[in-house]
Amino acid sequence: MIEKQQGGIERVVFWGVAVLLVFAPLAFGSVHVWAYSVVLAGVFGLWGLFLIDRLLPGRSFVWIRTPVDGILVGLFLVIGVQLVPLPLSWLERISPVTAGDKAVLSDILAAAGTGGFTRTCLAYYRHPVIIEGLKLAGYVAMFYLVLQTATSKRRITTLIIVLIAVGIFEALYAVYQVFSHDPRVWWWKSRAGSGRFASGTFVGSNHFAGYMEILIPLIFGFMLAQQRRGRRMLSGLGGARASVQRMISWFAPESARPKMIVLFFAGIVMAVALLMSASRGGILSLGFSMLGVSILLFSKARYRKYGAVCLAFCAAALIYGSHLGIDPTLQKFKRTEAGYFQRMATFKSMIPMLQDYPVLGVGWGNFRYLYPRYVPETYDGVSSSGYSHNDWLEAGTEIGYVGGGLILLGFIVFLYKRILGTISI
């Protein structure tokens, strides 16, 4: 009886993960407070259930280790240090600019009769550090929930199918938006390029493009994973009969090729929707990633046909996209030069900010509050959302060289393990 209850809890956790993977993109990309609050509550609640299940008598808890465990712990330690009240003398050694600003604030408060302070934290504004830290904790918790619960081939396949199904819906919804007279994201009027650009159920086309960037390689990899040798119905056939046999085996019930064909065209739909999003970064990132995958596949003789399939996939997406109409995307790419100089001006103006807060930054999530100090008078480099166009520099300004170095190390370790694993196949 206990075993059945334990198994039931674990199944609830697994299907809870699947529900959150569906809910998060459909709820406007979970950028609104109510949406990401539901996601965070769900993730942490599922972790509570999972721990209860594993801590019951007769159950064992085995932590599935990853190469980035230590790096993630280090990143959370950096964020935690930003919230710890430190003496001003310590703060001056870590971040002289922050210490100077906090000392001025202390003097102002003392002059106003409210009293100064001798201890303060590194972060200029604690609230965004807490909120963004909780979001990061939610992402990491979901990552480990998937690792701990998707422990069988069947469950892994289930999650992949769930993600692909959501991706297909998002792509079809996005294409519908582009051709609609009144494009909307659910009941809200679409703000993505005045409705000319695809955004699916996300509030912005760039967010939608990022989601497609994740799912298209997933669907491509899942498609290739279906490849297996079909069983011969009869042996010893030759000539025309052998050709007929091969054709029948393609669509036999035990053959994986019909599923591969469905996945191939589902991926094409997603790629076309990505093209219609007009996200220059998203389109270029996917193009370079698929090119890199094809190069890796071509490096192994027995996988070269998969490399050809990868290139054919990209070509088919471009052909279908051109047929449906991607003129707004092409027009946006023509304006790349002007956007490039604007973004370069933003990047240059961020470097002094990084130099002023080199060790631990201004505080996780504090970029938007401190960057106006560095904006050139002739150019407002901050977008309406308050974020820059360079995640690496922005992260560096918020958590300094220490935190930024940890993030960079995590990417390097991940890519090294993935590329090494691909080459060793």
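**A close look at one residue, then the helices**

Analyst: W392 lies in helix α16, which covers residues 391-423. The model is predicted. W392 has a relative accessible area of 48%, so it is partly exposed. Twelve residues along the chain from W392 is G404, and the C-alpha atoms of the two are separated by 7.5 Å. With neighbours within four places in sequence set aside, W392 is in contact with I407, L408 and F411.

Next, the whole chain. The protein contains 16 helices and four strands. Of its 425 residues, 41% are buried. Among contacts with a separation of 6 or more, 72% are between residues 24 or more positions apart.

Now to the start of the chain. Helix α1 covers residues 2-26 and includes E10. Is E10 buried or exposed? Buried means under 20% relative accessible area, and E10 has 13%, so E10 counts as buried. Apart from neighbours within four places in sequence, E10 is in contact with D53, R54, R59 and R155.

The loop between α1 and α2 holds F28 and S30. Most residues other than glycine have a negative phi. F28 has a positive phi, near 55°, and the phi of S30 is likewise positive, near 55°. F28 is buried because its relative accessible area is 4%. S30 has a relative accessible area of 14%, so it is buried as well.

Helix α2 (residues 33-55) packs with helix α6 (residues 126-149) at an angle of about 45°, and their axes are 9 Å apart. That angle makes α2 oblique to α6. The crossing of the two helices is left-handed. On the α2 side, the contact involves Y36, L40, V43, F44, L46, W47, F50 and R54. On the α6 side are I131, L134, K135, A137, G138, A141, M142, Y144, L145, Q148 and T149. By type, the residues of this contact are 14 nonpolar, three polar and two charged.

L134 lies in α6. Its relative accessibility is 39%, so L134 counts as partly exposed. L134 and L40 are 94 residues apart in sequence, while their C-alpha atoms are 7.9 Å apart in space. Not counting residues up to four places away in sequence, L134 touches L40 and F44.

A second pair of helices can be read the same way. The axes of helix α7 (residues 153-179) and helix α8 come within 10 Å and cross at roughly 130°. The two helices are therefore oblique to each other. α7 passes α8 in a left-handed crossing. From α7, the contact uses T157, I160, I161, L163, I164, V166, G167, E170, A171 and A174. From α8, it uses F208, Y211, M212, L215, L218, I219 and F222. The residues of this contact divide into 14 nonpolar, two polar and one charged.

Finally, α8 itself. It has 21 residues (205-225), which should span 30 Å at 1.5 Å a residue; its end C-alpha atoms are 30 Å apart, so the span agrees with that figure. The buried residues in α8 include F208, Y211, M212, L215, I219 and F222, and these residues also take part in the contact with α7. Others that are buried in α8 include S205, A209, I216, F220, M223 and L224.

Note on methods:
Residues are numbered from 1 along each chain as its sequence is written. This is a predicted model: local features need pLDDT of at least 70, side-chain atom pairs count only at pLDDT 80 or more; totals for chains, interfaces and linings use all residues. Side-chain values use heavy atoms; hydrogens and water are left out. Axes are lines fitted to C-alpha atoms, for helices over the stretch in contact, and angles run from 0 to 180 degrees between N-to-C directions. Angles under 35 degrees count as roughly parallel, over 145 as roughly antiparallel, 65 to 115 as roughly perpendicular and the rest as oblique. A crossing is left-handed if the near helix is turned anticlockwise from the far one by less than a right angle, and right-handed if clockwise. Contact means heavy atoms within 4.5 Å. Ala, Val, Leu, Ile, Met, Phe, Trp, Tyr, Cys and Pro count as nonpolar, Asp, Glu, Lys and Arg as charged, and the others, Gly among them, as polar. The expected span of a helix is 1.5 Å times one less than its number of residues. Buried means under 20% relative accessible area, exposed over 50%, partly exposed in between (1.4 Å probe, protein chains only).
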